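Please keep the model open while going through these notes. They are numbered so that each point can be checked on its own.

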Amino acid sequence: MQIDILTLFPEIALAPLSESIISRARQAGIVDIRAHNLRDWAKDKHRRTDDYLCGGGQGMLMLPGPLFDAIGELKKEDTKVILMTPQGKAFKQAVAAELSNETHLLIVCGHYEGVDHRVIEELIDLELSIGDYVLTNGAIAAAVVTDAIVRLLPGALGDERSPEEESFSDPNLLEAPAYTKPADFRGLKVPDVLLSGHHAKIAEWKKQKALERTRANRPDLLD
């Protein structure tokens with residue numbers, strides 16, 4: 001898979017993708033991740049990428065020119081173009097799984113008050129939001145989306161079972177509590193059922209605890 005990130009802050013986008021699992025996936029050739037500075041497609045001497053809103057309003061809006069030129073140059077026949085924006089579709093594990101089947105993703109980072117809507121109408125295949133809050137720039141959101149997608153690629157985690165056993169692999173349940181050694185730590189003990197070796201009882205315990213955890217932390221998933 002190839003992932004191109006188009007942003008005003010390429011260093012921010014790449015920083016969290018240059019360590020640990022994602023870094024190893026890149027080194028192994030599982031994914032090719034590149035970040036591009038949108039200012040490279042700005043035509044004026046000041047390399048401007050934004051201007052005031054037509055019709056008034058606070059803040060600045062990203063100009064269509066640099067975005068049209070950049071996306072036109074980076075896009076391929078099989079590219080899916082994604083815009084990171086608070087107005088986008090909620091990014092969930094199911095969306096990450098779907099996008100992990102793509103060959104080439106071009107992630108466009110919204111900045112300031114967003115992008116000229118003509119860009120969305122003509123060039124964007126999918127608008128995504130990672131949550132109901134506002135970040136200082138879309139590069140952070142792009143890194144989150146990229147991380148979630150890459151770890152689903154075959155071979156990225158090393159253990160092919162791992163993605164299936166994590167939170168949100170079931171969209172309606174959080175992951176059950178997990179424990180490791182020692183079985184007794186400062187008087188805090190691992191539940192006996194996890195040490196029993198009885199796989200059916202362990203599975204039932206995990207299901208029940210996952211349900212309890214979901215009710216406590218994310219009751220909206222059970223609605």
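1. Start with P182. This residue lies in the loop between α6 (138-150) and β8 (184-185). Helices (H or I, at least four residues) and strands (E, at least two) are DSSP runs, numbered from the N terminus. The peptide bond from K181 to P182 is cis, with omega near 0°. Most peptide bonds are trans.

2. A word on the basis. This is a predicted model, where local features need pLDDT of at least 70 and side-chain atom pairs count only at pLDDT 80 or more, while totals for chains, interfaces and linings use all residues. Residues are numbered from 1 along each chain as its sequence is written, and side-chain values use heavy atoms, with hydrogens and water left out.

3. Two backbone angles deserve a look. R47 is not a glycine, yet has a positive phi of about 55°. The residue sits in the loop between β2 (32-37) and β3 (50-52). Y112, also not a glycine, has a positive phi near 55°. Its place is the loop between β6 (104-109) and α5 (117-123). Most residues other than glycine have a negative phi.

4. The cut-offs: buried is under 20% relative accessible area, exposed is over 50%, and partly exposed is in between (1.4 Å probe, protein chains only).

5. Aromatic pairs come next. Rings of Phe, Tyr and Trp (its six-membered ring) pair if their centres lie within 6.5 Å; planes under 30 degrees apart are stacked, over 60 edge-to-face, and the rest tilted. The count is 1 aromatic pair. Y179 and W205 have ring centres 6.5 Å apart and planes at 55°, so the pair is tilted. The pair links distant parts of the chain, 26 residues apart: Y179 is in the loop between α6 and β8, W205 in helix α7 (residues 199-217). Y179 is partly exposed at 46%, whereas W205 is buried at 16%.

6. Now helix α7 itself. It has 19 residues and reaches 26 Å from its first C-alpha to its last, close to the 27 Å expected at 1.5 Å a residue. That expected span is 1.5 Å times one less than the number of residues.

7. Which residues of α7 are buried? They are I202, W205, A210 and T214. These four cover an arc of only 165° around the axis, which puts them on the same side of α7. The arc is that of the directions from the helix axis to the C-beta atoms. On the other side, A200 and K207 are exposed.

8. Cysteines. How many disulfides does a search of the whole structure find? The result is 0, with a disulfide taken as a pair of cysteine sulfur atoms within 2.5 Å. C54 is exposed at 81% relative accessibility. C109 is buried at 1%.

9. Finally, the whole chain. The secondary structure comes to 7 helices and 9 strands. The C-alpha trace spans about 70 × 40 × 35 Å along its principal axes. Buried residues make up 39% of the 223 residues. Among contacts (heavy atoms within 4.5 Å) between residues at least 6 apart in sequence, 74% join residues at least 24 apart. The chain exposes about 13300 Å², and carbon and sulfur atoms supply 50% of it. Accessible areas come from the Shrake-Rupley method with a 1.4 Å probe; for residues, only the protein chains shown count as cover.
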